[in-house]
Amino acid sequence: MVVLAFVIAAIVLGAHVEALSPILIVPGIMGSQLFSRPNPCSGYNCVWKGLWIGTDLCFSTARALDKLSLEYGEAANTYSNKSGTEIKASGFGDTCKVEYLFTNPEESSCTWQVPLGNYFRIFVNYFANRGYKRGKSIRAAPYDWRLAADQLYSRGYYNNLKSLIEQMYTSNGGRKVTLVSHSMGGPVTLFFLNNVVTQQWKNTYIYAFVSIAGAWSGGNKILQGQISGLLPSEISPVVQDVCNFPPDLVFRLRTTLRTLESMSWLLPKPSVWRNAILVTTPKRSYTANDYQALFQDMGFPQGFKMYTGISVINAGFTAPNVPVYCFYGTDVQTAESFVYDQGFPDSQPTRIVNGNGDGTVNLKSAEVCLKWKKEQTYFVSKSFSGAAHVAIVQTTAVLQAVEVVVTSLA
């Protein structure tokens with residue numbers, strides 16, 4: 001009888017899982033493993049070595065940061081890897097490279113993964129325990145998070161994303177796919193839905209878009225990173241679980257952060273912050289409308305050219321016209337504006353004014369999605385008090401909320 005009951009339960013669970021919407025994870029900034037190798041290469045030198053988050057970042061930090069830096073081509077508004085280096089995000093289609101962010105020494109399959117840098121591990125396990133299967137009904141689409149949507153598009157990421165969704169739809173019995181994004185993964189996904197695929201395609205393949213902690217207007221903390229630098233752990237707490245960085249690394253990291261297109265993309269948007277003062281120095285105050293003057297006074301005028309180079313994808317936040325669930329954290333102290341003394345920009349703020357948010361994404365940024373309620377047919381939003389920016393994808397209440405979304409297909 002016990003065996004029979006087990007068999008019946010397995011059949012019922014199997015039937016239930018077959019009725020669920022497959023899940024595709026689109027991670028956030030610094031949320032995909034990156035691997036590097038020399039370019040050109042030959043023989044063993046062509047093996048992809050772990051870069052983010054790898055042992056080099058922890059123990060040969062300056063060398064790793066130099067590899068991570070991008071070179072900006074101002075004339076054509078393009079970004080490329082540093083000369084002699086090739087970098088890629090690993091594990092497209094698999095969840096293992098977003099479950100943990102500490103890389104294996106060399107690129108490998110998901111058979112074995114260093115269990116450090118927990119990111120989506122709890123999330124994936126939660127749904128695996130409910131019958132989802134890694135590599136079939138729950139998958140991930142990691143990307144080179146140093147880039148913004150335009151460069152991801154030109155490098156083929158969105159074509160691959162479209163193909164992966166179609167494959168998931170087919171391999172899961174024609175069930176529409178739920179896109180679950182985190183942080184910068186929200187804008188990355190929104191660009192895809194609004195610029196890459198048609199409405200007919202969305203009607204066929206997309207069940208829902210669940211945005212968690214969407215960085216729609218970036219995060220004001222990114223301003224501090226551009227001006228005076230941040231430690232990696234201050235941008236992504238996951239890094240703190242793996243590496244301990246000395247405080248004097250902050251200015252070396254600033255050099256790298258300023259080269260990344262994604263950092264320009266995630267600057268606070270004028271359409272959201274309007275005339276709010278974000279930076280104050282002995283010379284003057286700056287709003288999101290004053291980036292040209294700010295970058296000039298920082299001694300980094302190229303920063304404004306990089307910012308204006310992505311103005312097209314910064315313009316507006318058009319509703320994606322698929323069912324949207326916008327989940328975000330609140331009631332965590334979140335940096336909103338920065339006051340500097342005479343040491344600007346080569347000293348840290350003497351005062352940081354905090355506001356509401358999740359510790360990284362400000363509430364004003366997270367709630368940009370609320371305007372979609374008037375722009376499309378189906379929209380749901382929910383805030384989670386005390387849910388910090390990365391911890392939110394590991395929070396039981398959030399996992400249960402996502403479960404309600406994907407099970408409503410049944």
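## Close-up views of a predicted model

The structure holds 3 cavities of 30 Å³ or more. A cavity here is a set of points, on a 1 Å grid over the protein atoms alone, where a 1.4 Å probe fits but cannot get out. Its volume is the space filled by probe spheres set on the points, with grid points joined across faces, edges and corners. Please keep in mind that this is a predicted model: local features need pLDDT of at least 70, side-chain atom pairs count only at pLDDT 80 or more, and totals for chains, interfaces and linings use all residues. Residues are numbered from 1 along each chain as its sequence is written, and side-chain values use heavy atoms, with hydrogens and water left out.

**View 1. The largest cavity has a volume of about 110 Å³.** Its lining is made up of 13 residues, and the closest to the centre are Ile 29, Gly 219, Ile 222, Leu 266 and Thr 360. Lining residues are those with an atom within 4 Å of a point. Sorted by class, this lining has 7 nonpolar, 5 polar and 1 charged residues. For this sorting, Ala, Val, Leu, Ile, Met, Phe, Trp, Tyr, Cys and Pro count as nonpolar, Asp, Glu, Lys and Arg as charged, and the others, Gly among them, as polar.

View 2. The class count for the second largest cavity is 7 nonpolar, 6 polar and no charged residues.

**View 3. Cys 41 and Cys 46 form a disulfide, with 2.1 Å between their sulfur atoms.** A disulfide is a pair of cysteine sulfur atoms within 2.5 Å, and by this rule the count comes to 2. The torsion about the S-S bond of Cys 41 and Cys 46 is about 105°, so this disulfide is right-handed. Cys 41 is partly exposed at 27% relative accessible area, and Cys 46 is partly exposed at 22%. Buried means under 20% relative accessible area, exposed over 50%, and partly exposed in between (1.4 Å probe, protein chains only).

**View 4. A disulfide joins Cys 326 to Cys 369, S to S 2.1 Å.** The link of Cys 326 and Cys 369 is left-handed, with -90° about the S-S bond. This pair connects distant parts of the chain, 43 residues apart: Cys 326 sits in strand S12 (residues 324-330), and Cys 369 in the loop between helix H19 (363-366) and strand S15 (379-385). Helices (H or I, at least four residues) and strands (E, at least two) are DSSP runs, numbered from the N terminus. Cys 326 is buried at 1% relative accessibility, and Cys 369 is buried at 0%.

**View 5. Arg 252 belongs to helix H13 (residues 250-257).** Its relative accessibility is 24%, so Arg 252 counts as partly exposed. Leaving aside neighbours within four places in sequence, Arg 252 is in contact (heavy atoms within 4.5 Å) with Ala 62, Leu 65 and Asp 66. The side chain of Arg 252 also makes a polar contact of 3.1 Å with the side chain of Thr 256. A polar contact is a pair of N or O atoms within 3.5 Å; within protein, one must be able to donate a hydrogen and the other to accept it, and residues adjacent in sequence count only if both atoms are side-chain atoms.

**View 6. Thr 259 lies in the loop between H13 and helix H14 (261-265).** Thr 259 is buried, with a relative accessible area of 16%. A polar atom of the Thr 259 side chain lies 2.7 Å from the backbone oxygen of Thr 256. Not counting residues up to four places away in sequence, Thr 259 touches Ser 69, Leu 70, Tyr 79 and Met 306.

**View 7. A cis peptide bond runs from Trp 52 to Ile 53, with omega near -10°.** Most peptide bonds are trans. Ile 53 is found in the loop between strand S3 (49-52) and H2. Another cis peptide bond joins Phe 344 and Pro 345, with omega about 0°.

**View 8. Met 30 has a positive phi of about 65° although it is not a glycine.** Most residues other than glycine have a negative phi. Met 30 is placed in the loop between strand S1 (23-26) and strand S2 (34-38), and is buried at 4% relative accessible area.

Conventions
1 Å grid on protein atoms, 1.4 Å probe; cavity = no way out; pocket = protein on both sides within 12 Å on 5 of 7 lines; lining within 4 Å.
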